[in-house]
Amino acid sequence: MTIEPTNEAATVAGATSERFDGPGPHRIRVRWGWFFGCVVLGLAAITAGWFLVSPASRLGYVGGVLAGIGTTLLLVGVVVLLERRIVDTAVQVVQDATNEARNKTNEEVRAQIRDFEDRVAGIWKTGTPAAATEETLRMSEEFTKHVVDAYTDDGGPPSGTPSS
């Protein structure tokens with residue numbers, strides 16, 4: 001028997017048969033009750049306005065209503081549709097910057113570890129086992145303290161390797 005990880009959002013949405021493989025594109029969920037409620041209330045307000053206006057000015061009222069609807073659709077298009085593009089673009093920029101910083105940090109740490117390994121190998125080649133053990137222990141503690149302090153104090157990777 002194997003236990004598969006589940007996607008709680010998919011379970012809530014009723015798509016329990018899908019397997020969760022990690023973050024994917026966000027599915028936009030339309031709240032149809034709000035949508036139809038707004039349409040019905042809007043049409044009711046337009047109709048109520050029609051009966052409140054005198055018969056002589058109804059032609060102007062229709063023109064005003066159409067101008068209001070056009071303005072609303074224009075604003076919805078700009079605010080909702082373009083806002084999504086702007087947010088998606090901003091999210092992508094932040095994700096790319098985060099990945100680039102992570103890769104740079106990983107490479108810096110790998111370079112420090114390679115340098116540390118080379119220095120330790122040099123000590124073991126030239127010294128006695130007892131002296132090499134002492135020096136390796138001292139260098140390990142110094143290296144670990146330097147890396148931990150550099151990452152926890154200023155929040156970034158260390159700029160160089162510790163001196164031996």
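Start where helices α2 and α3 cross: the crossing is right-handed. Keep in mind that this is a predicted model.

**Stop one: the helix pair.** Select residues 32–52 for α2 and residues 58–126 for α3. The two helices pack at an angle of about 160°, and their axes lie 10 Å apart. An angle over 145 degrees counts as roughly antiparallel, so α2 is roughly antiparallel to α3.

**Stop two: the contact.** Which residues meet here? On the α2 side, select A45, I46, G49, W50 and F51. On the α3 side, select R58, Y61, V62, V65 and I69. Now colour this contact by residue class: 8 are nonpolar, 1 is polar and 1 is charged.

**Stop three: the rings.** Select W32, F35 and F36. Ring pairs join these three into a cluster. The count of aromatic pairs comes to 5.

**Last stop: confidence.** Colour the chain by pLDDT. The average is 79, and 77% of the residues score at least 70. Then select residues 4–20, where the pLDDT is below 50. Beyond near neighbours in sequence, this stretch has 7 contacts in the model.

Methods
Residues numbered from 1 in each chain as written. Predicted model: local features only at pLDDT ≥ 70, side-chain atom pairs only at ≥ 80, totals over all residues. Heavy atoms only, no water. pLDDT = per-residue confidence, 0-100. Contact = heavy atoms within 4.5 Å. Axes fitted to C-alpha atoms, helices over the stretch in contact; angles between N-to-C directions. Helix = DSSP H or I, 4+ residues; strand = E, 2+ residues; numbered from the N terminus. Parallel < 35°, antiparallel > 145°, perpendicular 65-115°, else oblique. Left-handed = near helix turned anticlockwise from the far one by under 90°. Nonpolar A, V, L, I, M, F, W, Y, C, P; charged D, E, K, R; others polar. Phe/Tyr/Trp six-rings, centres within 6.5 Å; stacked < 30°, edge-to-face > 60°.
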